[in-house]
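Me: I would like to learn how to read a few features of a model. Please take them one at a time.

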Amino acid sequence: MLYGIAAAAATLLLSALLTGVLRVPALRLGITDRRRRRPLPLSGGTAVALATVLVAAGADAAGLLPLGAGVGRMAVAAGCVALLGLAADLRRLRWWVAPAGTAVAAAFVVPYEETSVAAGVAAVGWIVVATAAFRALDHADGLAGTVGAVGAFGAAACATAELMDGLAALLGVLAAALAGFLLHNWFPARAGLGAAGALFTGFVLASSAVFVRAGQGIGAGAAVLYALAAIGCADAALVVLGRRLDRRAVTRGRPDHLGHRLRRLGLAPRAVPVLLGAGSAGGALVAVCVHTGRLSPGAAWWVAAAAAVLVLVLVRRPVTPVFRPRQRVASASSQVSERLRVRSG
């Protein structure tokens, strides 16, 4: 217990330090996103991955928090996925490269000895989908870090119930790394997570959930997996449905995610991650209760119903910028002036 607290504290401090130190190199290398019309260095992803892997590997090598062969293999695969995400941050890759790389990594970590071949293939597919859905959450300040930390705590509770101490330790370290990153990512963000951190975090969360449920009931397993990833799934469903209704390409980026649409409802920037983090906590609580047998697998339908209501309420919200009243007047005046100038010229 004491070693776990020390490892979490060290990871939090290391993640916060690395996120700040790597901001300048990220800006110089062009590893940036654009928010509020200014470049945002994506140093958080590298910091979260490095802090998690270094502290977990160090504690394992010292014998303080043994991870085990399967969990160690997962950490290595997650590191490879983070490198793939870093390549995506450096230059634009084709949309299928990240899912394909994630599928290859997932194929090496699924515990086939505890699952059938069909269930193992389905688990690989779920890891790919859940990882991609989590990556899409990195569109608003504080959102991916908050949802990821909550999900890590939920998965760690499930692992603890199964006496998987190594997996619970890795997830605790990941949650601490995300907390350190959030010190720089809360609105207004000074650093972003990027594809490297989002793919790394999503992969660890999805793979951990598969590890915890391997060899157990399919129905309860599906309920646990979905409840842990409910916010990411809701965001993915909202984006796909909204773009199909608008007859736009699903793979083309657009400000139409959960955070964007909630902001259109008038929520403050800091309220968006708090609200969706609370939703993620509710899903994680249901997942833990289903996993430990305190709730039936049918409880996940309540999570799915809440997510469906959220998607249906937001899917028709406008995603294009709308001027405030004073801005409308100023914009109309500028348009009239421009027309008069053109006519007089």
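This is a predicted model: local features need pLDDT of at least 70, side-chain atom pairs count only at pLDDT 80 or more; totals for chains, interfaces and linings use all residues.

Me: What is the radius of gyration of the chain, and what does the globule rule give?

Reply: The radius is taken over C-alpha atoms, and the rule is 2.2 Å times the number of residues to the power 0.38. The chain has 15 helices and two strands (DSSP runs numbered from the N terminus: H or I of at least four residues for helices, E of at least two for strands). Its radius of gyration is 21 Å, close to the 20 Å that the rule gives for 345 residues, so the chain is as compact as a globular protein of that length.

Me: Which residues of α14 are buried?

Reply: Buried means under 20% relative accessible area, exposed over 50%, and partly exposed in between (1.4 Å probe, protein chains only). In α14 the buried residues are A299, A300, V303, A307, V311 and L314. They cover an arc of only 130° around the axis, which puts them on the same side of α14; the arc is that of the directions from the helix axis to the C-beta atoms. The face turned away from that side carries the exposed residues W301, W302, V309, L312 and V313. Cover for the buried residues includes α10 (218-228), α11 (230-245), α12 (258-264) and α13 (271-291).

Me: Is D138 buried or exposed?

Reply: D138 sits in the loop between α6 (117-136) and α7 (143-161), and its relative accessible area of 14% means that it is buried. Contact means heavy atoms within 4.5 Å. Neighbours within four places in sequence aside, D138 is in contact with R35, A144, L193 and G194. A polar atom of the D138 side chain lies 2.9 Å from the backbone nitrogen of G194.

Me: Where is the cis peptide bond?

Reply: The cis bond joins F187 and P188, with omega about -10°. P188 is in the loop between α8 (165-185) and α9 (194-213).

Technical notes
Residues are numbered from 1 along each chain as its sequence is written. Side-chain values use heavy atoms; hydrogens and water are left out. A polar contact is a pair of N or O atoms within 3.5 Å; within protein, one must be able to donate a hydrogen and the other to accept it, and residues adjacent in sequence count only if both atoms are side-chain atoms.
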